[in-house]
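Here are a few exercises to work through with the model open beside you. Try each task before reading its solution.

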Amino acid sequence: MTTTTDTNPKAADSGASATARFRSDKASGVADTPKERVDLLAGEVIEAVTATVRRHKVTYDEYNALKSWLISVGEDGEWPLFLDVWVEHAVEEVATEHREGNKGAIEGPFYVPNAPEQGADGTIPMREDEHGTELVWTGQVTSVDGSALGGAVVELWHADSDGYYSQFAPGLPEWNLRGTFTTDDEGRFAITTIRPAPYQIPTDGACGKLIAAAGWHAWRPAHLHVKVSAPGHELLTAQLYFPGDEHNDDDIASAVKPELMLAPTTTDSGETVDYGFVLDPTRD
Ligand code: MBD
Ligand code: FE
């Protein structure tokens, strides 16, 4: 009998990794949030839930189904996945509504800091036989006043052509398709990678059960994740998409924006595209 672990990652694996990742990088406690805000926000969410119960006459069977499903979200480690797919887009929208520069998009559950540095012009770490069309992506990072931002940092991470992220699915090199690029004196970068595939969120865990029970689909369009930072500027977290993807209009994570489309052209070795970033200066 052969093991299927390398080719069929389980939701519990990627869910547990995403939960551990979140706890080590980002976790802050409710105790850090002012009492007035907790009172307001928790009170309003509870009110919304009980209003749904009354409006739709929710039964005990339905209430118990909810209870057991919520328990399994935690057991499968899928709270980061659930929240990032169905809630983060609204948080991102509120957090960036004042910006004049680049549109952003949600971070999602699979970012890992400190990916290997590749300079201004380099190839993202990938396997020798990495599948997928080569994508050469050039661009310039500027401030909203048009000035070039040399030394800006572009962190790029994305799924492989099977839709798997390194450090969250087993069997992939640690930093596969994760790299850090630093712009030259003119703010320019040139990145070689591969075009990722459309992505289906894990279907064998609690989030997958909800999707199946509701008759939804589990797809996100193909996307590249970036974080772009420069001194004196707000951190930009974004995703880039490709025109024509069948899930651009029904992304399960509601994170596609028309300003975030890459439109590559064909070359002898694959594809190339030019797309730069405009960062907002930090507000005082
Ligand atoms: C992803 O790759 C992703 O980007 C989001 C937002 C949710 C789940 C998986
Ligand atoms: Fe993603």
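**Exercise 1.** In this predicted model, find which residues Phe 277 is in contact with, leaving aside its neighbours within four places in sequence. Then place Phe 277 in its core.

*Solution.* Start at the Phe 277 side and list the partners: Asn 102, Trp 137, Gln 140, Val 141, Thr 142, Phe 189, Val 226, Val 228, Leu 236 and Leu 240. Next, turn to the largest nonpolar core, which has 33 residues. Phe 277 is among those with the most contacts inside this core, together with Trp 137, Val 141, Val 226 and Leu 240. Now ask which elements give two or more residues to the core: they are strands E2 (134-143), E3 (153-157), E5 (188-194), E8 (224-229), E9 (236-240) and E12 (277-279). Finally, look for another core lying apart from this one; that core has 20 residues, including Phe 82, Phe 110, Ala 159 and Tyr 165.

**Exercise 2.** Which protein atoms are donors of the iron ion (ligand 2), and what spacing do the donors follow along the chain?

*Solution.* First, pick out the donors: Tyr 165 (OH), His 223 (NE2) and His 225 (NE2). They lie 1.9 to 2.1 Å from the iron ion. Second, read their spacing along the chain, which is Y-x57-H-x1-H. Third, check the two histidines for burial: both His 223 and His 225 are buried.

**Exercise 3.** Where do Lys 57 and Ser 254 lie, and what is phi of Lys 57 and of Ser 254?

*Solution.* Take Lys 57 to begin with: Lys 57 is found in the loop between H2 and H3, and its phi is near 45°, a positive value in a residue other than glycine. Lys 57 counts as exposed, because its relative accessibility is 69%. Go on to Ser 254, in the loop between E9 and strand E10 (265-266). Phi of Ser 254 is near 50°, again a positive value in a residue other than glycine. With 45% relative accessibility, Ser 254 counts as partly exposed.

Conventions. Residues are numbered from 1 along each chain as its sequence is written. Chains are lettered from A and ligands numbered from 1 in the order in which they are written. This is a predicted model: local features need pLDDT of at least 70, side-chain atom pairs count only at pLDDT 80 or more; totals for chains, interfaces and linings use all residues. Side-chain values use heavy atoms; hydrogens and water are left out. Donors are N, O and S atoms within 2.8 Å of the metal (3.2 Å for Na, K and Ca); water is not among the atoms, so sites may look incomplete. Buried means under 20% relative accessible area, exposed over 50%, partly exposed in between (1.4 Å probe, protein chains only). A nonpolar core is a set of buried Ala, Val, Leu, Ile, Met, Phe, Trp, Tyr and Cys residues joined through side-chain atoms within 4.5 Å. Helices (H or I, at least four residues) and strands (E, at least two) are DSSP runs, numbered from the N terminus. Contact means heavy atoms within 4.5 Å.
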